[in-house]
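Take a look at the model below. The report that follows goes through it piece by piece.

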Amino acid sequence: MNETRRALLDALAGGPTAGPELAERLGVSRAAVWKQVEALREEGFGVESGDDGYRVTGVPEYGAAALAFGLDAPYEVEFHERLGSTNDRGRELAAAGASDVAVVADEQTGSRGRLRREWTAPAGGLWVSLVLRPEIPPAHAPLYTLAAAVAVTRAAREAGVDASIKWPNDVLVSETSENTSESSDGVPVSEGTSVNADLADSDSDSARGGRKLAGVLTEMEGEADRVSWVVVGIGANVNVDIEDLPPGATSVREEVGDADLRAFCQRVLEAFAELTADPDSILPAWREHAATLGRYVRVETPGGVVEGEAVDVRTPGALVVRTDEGERIVHAGDCEHLRPARSEDR
Ligand code: BT5
């Protein structure tokens, strides 16, 4: 989207604006404003011109302009009806030097989870990858994964879904029964290009116990002291039938009925931008939205199994487990929720 279009959308999002004022704010002629307004109408916006200027009366359901309209986050939106993988496109953009771009697709035909697992992404879900160039050391990149999980969980809760995070980054809707188990991979730090892939190829995933609503795949390229780029891929089942998803998955549609996908996407982008603008806020927010803390967990790590009560999470996303032999810090692993910790055990 060109800068004039974005500036026009930003101006109109603030309320009715007169043509001459728009021309001045956009630094273009009034005729050019009119042309841009016509282009918005062609994209499905309702724009009326009245005494107080141009006023938006309707926004298309989804698309680049719809997502940019009223978005309170510093990302340019690149939208595709259908794409292989938004992460692949994000990596391409990153390699070409782009930053602060949100690649969104309505449907993905070759999307990936961790360890190159298949990710199912039919139309109606939120499939987005953020291309970023933060000034952080590679070891801190997992914080971005945690921030993404928090952002999706917030948006899901706002949509009425009782979502929470299982360490490190699966967003689940838990079963009412407590004695169930789930598993997932952990967050290895900065090896290769995949920040949160690796370890045991357990495909049992989070299906048991909690139904998986969303997942995050963060990839990066970096040098010893600084990342070059990070691509944070977020997949959330929003307006999707569970029959079109793998077993063990759930969707916003399944839990509470359809949500406004455009608003859902905007909320995720806004929450993510807010969290990463203040990195110190990420871990406290993660703790607040996590289902893992206060539970007995079993984590399969590269160094063996760690079992005990998950008591905290530490920078850049390590899990602190209280075991019979004392506290263990787990950076990566396959985590199962065993049961809630009883208060007398603490
Ligand atoms: C993840 O992997 O949870 C990360 C998923 C990231 C997907 C996004 S979509 C936008 C961006 N573009 C991409 O190409 N990817 C990212 P993992 O923890 O490895 O979980 C993968 C497993 O989840 C699969 O093996 C399935 O069992 C299950 N699965 C696949 N599709 C699912 C879905 N839509 N909902 C819930 N579970 C799913």
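R89 sits in helix α5, residues 86-95. Helices here are DSSP runs of H or I with at least four residues, strands are runs of E with at least two, and both are numbered from the N terminus. R89 is partly exposed, with a relative accessible area of 23%. The cut-offs are these: buried is under 20% relative accessible area, exposed is over 50%, and partly exposed lies in between, with a 1.4 Å probe and protein chains only.

Which residues does R89 touch, leaving aside its neighbours within four places in sequence? They are E78, H80, L83 and V103. Contact means heavy atoms within 4.5 Å. R89 and V104 are 15 residues apart in sequence, and their C-alpha atoms are 9.7 Å apart in space.

## The model and the whole chain

The model is predicted: local features need pLDDT of at least 70, side-chain atom pairs count only at pLDDT 80 or more, and totals for chains, interfaces and linings use all residues. Residues are numbered from 1 along each chain as its sequence is written, and side-chain values use heavy atoms, with hydrogens and water left out.

The chain holds nine helices and 14 strands. It has 346 residues, and 54% of them are buried. Take the contacts between residues at least 6 apart in sequence: 65% of them join residues at least 24 apart.

## The seven-stranded sheet

Seven strands form an open sheet in the order β3-β4-β5-β9-β8-β7-β6, and the pairing is mixed. Two strands pair if DSSP finds at least two bridges between them. β3 (76-83) and β6 stand at the edges with a single partner strand each, so one side of each has no neighbour in the sheet. From one strand to the next, the twist averages 20°. Such angles run from 0 to 180 degrees between N-to-C directions, and the axes are lines fitted to C-alpha atoms, for helices over the stretch in contact.

Helix α8 (residues 261-277) packs on this sheet. The helix touches β4 (101-108), β5 (126-132) and β9 (227-236), and its direction makes about 30° with that of β5.

Is strand β7 (residues 170-174) largely enclosed or largely open? Four of its five residues are buried, so β7 is largely enclosed by the rest of the structure.

On one hand, β7 pairs with β6 (residues 163-166) in the antiparallel sense, over four bridges. The two form a hairpin with three residues between them. I165 has V171 of β7 as its bridge partner. β7 also runs antiparallel to β8 (residues 210-222), again joined by four bridges. Here V171 stands opposite A214, and L172 stands opposite K212.

## The five-stranded sheet

A second open sheet has five strands, in the order β13-β12-β11-β10-β14, with antiparallel pairing. Its edge strands are β13 (326-330) and β14 (334-340), and each pairs on one side only. Neighbouring strands are turned by 40° against each other on average, direction ignored.

β12 (residues 318-323) and β13 are joined by five bridges. L319 stands opposite V330 in β13.

## The nonpolar cores

A nonpolar core is a set of buried Ala, Val, Leu, Ile, Met, Phe, Trp, Tyr and Cys residues joined through side-chain atoms within 4.5 Å. The largest one has 66 residues, and Y75, L126, V232, F264, L269 and F272 touch the most other members. Helix α6 (residues 142-158) gives the largest share, eleven residues. Domain 2 (64-288) and domain 3 (295-345) each supply at least three residues; these bounds come from an automatic or database domain assignment. Apart from this core lies another, of 16 residues, including V37, F45, Y54 and A68.

V232 shows the packing in detail. Beyond its neighbours within four places in sequence, V232 contacts residues including N87, L130, Y144, A148, V216 and F272.

## T17 in its loop

T17 lies in the loop between α1 (3-13) and α2 (19-26). T17 is buried, with a relative accessible area of 3%. A polar atom of its side chain lies 2.9 Å from the backbone oxygen of G15.

Past its neighbours within four places in sequence, T17 is in contact with A11, L12, L22, R25, D52, G53 and Y54.

Technical notes
Polar contact = N/O pair within 3.5 Å; in protein donor to acceptor, adjacent residues only side chain to side chain.
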